[in-house]
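Thanks for coming, everyone. Please bring the model up on your screens, and we'll start with a single residue.

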Amino acid sequence: MRPPAWLRLLAAACLLPAVWVVTTQVTDDRTRYSILTSAAVSVLGFFLTLRLIPLTKAYTLKAGLFGMDINKKGSREGEKKVPESLGLASGVVFLVCVILFQQLHYYDTPSLVRALRAGRWQEALGGGRQAEPASDAWLVDYNAALATICFMLFLGFADDVLDIPWRVKLILPCVASLPLLIAYSGGTGVIVPKVLRGGPLGLPAYLELGLLYKVYMVMLVIFCTNSINILAGVNGLEAGQTFVIACAVLLHNLVMLSGPAGKDPAVRDGHLFSAYLMMPLVATTLALLTFNWYPAQVFVGDTFTYFAGMALAVAGILGHFSETLLMFFVPQIINFVYSLPQLFKIVPCPRHRLPRFDPQTGLLHATPNMNVVNAMLRLLGPCSEFWLCMRILLWQVACCGAALAARAKLSEWFKLS
């Protein structure tokens, strides 16, 4: 199945900058070929997800895991049973890609490519490939990330099946993040902006937070997993925002690897680690979005939103750019803050905080619910579900672009020297 035309345009706009950076700006052969190897595995993951989703949706329908498209209520489309929890398919393929790349990562890819170009097939296919030994620290981080994301995928699917209450949903990311917290061996401090150093506060250039940083990590995990889940309810929105944010994170990783920071082993390894997670996330999410795009053939479910949010949080934490990651989540932060009165029951909060569908015109109209979806309709007027999703995704693209530009400008304020 081919992605729809508008989805292909969105994918091209988000991915072409990353392709340009890795092919023209990343000069280190080892780094470039490692990225391209992960990209090749991710492309295979894209096609595998495309094949797996039709098989999975048949089983979810058989098991009674389906929902009705409320934003089409009163139309023929609104009477169809839409398979739920198809994030399971993309999540499983994501994990397979990440596990497979763990084996490929330490092969001497540049030597292999040179041998193939020179026609030395025996060297290329035989024992001439040299594998570097994996460092214990890298393997611990990698496996902790796998365990955390896998745990969250399982808990998300359990939520789809058991319909877990909201107060319990907040605890799930804390439980899933335990492998990450226990295995984390990185820094637990933050770089203080130059304008705040010294003075009456006497702040140092690097402020050690200790245990407070671990608390911050848990808060970040809770936010990332739930923020995508509450900015939802429109065909293509959950998977679409994940795709855009993952592309922005990947572009940030590649830009860092192409600059002076890419020559610092600690910084380089962190951004490479993040890129290895983002490439399969981008690929499998794009395949899922092909089926979830308007009009949706499948629903992604909490299975996807929890797993995707956790993958982004893990990339930010182990890649050591969690502050930059939050800049990509500006629409989600705005939606969360705007939703607080309803989330805390200060004002009435229905189960589905969705717009109102008019079957006569096919347009969605704003309701009193306090979220970005309805705010967008109040600000720009009623529109179809497709254009509502496009409005929010284009806003997400603009926010991520602005975050990348702002990050480049603000980096001067945070230098240690």
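Is L364 buried or exposed? L364 is buried, because its relative accessible area is 1%. Keep in mind that this is a predicted model. L364 sits in strand β6, residues 363–365.

What does L364 touch, once residues up to four places away in sequence are set aside? The list is N71, P355, R356, F357, L377, P382, C383, E385 and L388. One distance for scale. V41 and L364 are 323 residues apart along the chain, and their C-alpha atoms are separated by 40 Å.

Now step back to the whole chain. There are 17 helices and six strands. Along the principal axes, the C-alpha atoms fill a box of roughly 65 × 65 × 35 Å. How does the radius of gyration agree with that of a compact globule? For 417 residues, such a globule would come out near 22 Å, and the chain has 22 Å, so the two agree.

Burial next. Of the 417 residues, 51% count as buried.

Contacts. Residues 24 or more positions apart account for 75% of them.

Charges. The chain carries 32 positive side chains and 23 negative ones. The centres of the two sets lie 6 Å apart.

On to the aromatics. How many aromatic pairs does the structure hold? There are 13. Let me take one of them, Y184 with Y213. The ring centres are 6.3 Å apart and the planes meet at 25°; that angle is under 30 degrees, so the pair is stacked. This pair links distant parts of the chain. Y184 is in the loop between α9 (178–183) and β3 (189–191), while Y213 is in helix α10, residues 211–230. The two are 29 residues apart. Both Y184 and Y213 are buried.

There is also a ring cluster to look at. Ring pairs link W6, W293, F386 and W387.

First, S274, in helix α12, residues 265–292. S274 counts as buried because its relative accessible area is 0%. Leave aside neighbours within four places in sequence, and S274 is in contact with V249, N253, A315 and F321.

Then F307, in helix α13. F307 is also at 0% relative accessibility, so it counts as buried. Which residues are in contact with F307, leaving aside neighbours within four places in sequence? They are S90, G91, F94, I149, M152, L153 and L281. F151 and F307 are 156 residues apart in sequence, yet 8.5 Å apart in space, C-alpha to C-alpha.

Next, a loop residue. Where is N371 found? N371 is in the loop between β6 and α16, the helix at 372–380. Its relative accessible area is 2%, so N371 is buried. With neighbours within four places in sequence left aside, the contacts of N371 are N335, Y338, S339 and R353.

Spot one is a cis peptide bond. Which residues does it join? They are Y294 and P295, and omega is about -10°. P295 lies in the loop between α12 and α13, the latter at 301–318.

Spot two is S85. S85 is not a glycine, yet its phi is positive, near 65°. Find S85 in the loop between β2 (81–83) and α3 (87–104). S85 counts as buried because its relative accessibility is 0%.

H320 belongs to the loop between α13 and α14, with α14 at 322–328. Is H320 buried, exposed or partly exposed? Its relative accessible area is 44%, so H320 is partly exposed.

To recap, then. The model is predicted. The chain has 17 helices and six strands, and 51% of its residues count as buried. The stacked pair to remember is Y184 with Y213. The cis bond to remember is the one between Y294 and P295.

Methods:
Residues are numbered from 1 along each chain as its sequence is written. This is a predicted model: local features need pLDDT of at least 70, side-chain atom pairs count only at pLDDT 80 or more; totals for chains, interfaces and linings use all residues. Side-chain values use heavy atoms; hydrogens and water are left out. Helices (H or I, at least four residues) and strands (E, at least two) are DSSP runs, numbered from the N terminus. The radius of gyration is taken over C-alpha atoms; the globule rule is 2.2 Å times the number of residues to the power 0.38. Buried means under 20% relative accessible area, exposed over 50%, partly exposed in between (1.4 Å probe, protein chains only). Contact means heavy atoms within 4.5 Å. Lys and Arg count as positive and Asp and Glu as negative; His and the chain ends are not counted. The place of a charge is taken as NZ of Lys, CZ of Arg, CG of Asp or CD of Glu. Rings of Phe, Tyr and Trp (its six-membered ring) pair if their centres lie within 6.5 Å; planes under 30 degrees apart count as stacked, over 60 as edge-to-face and the rest as tilted.
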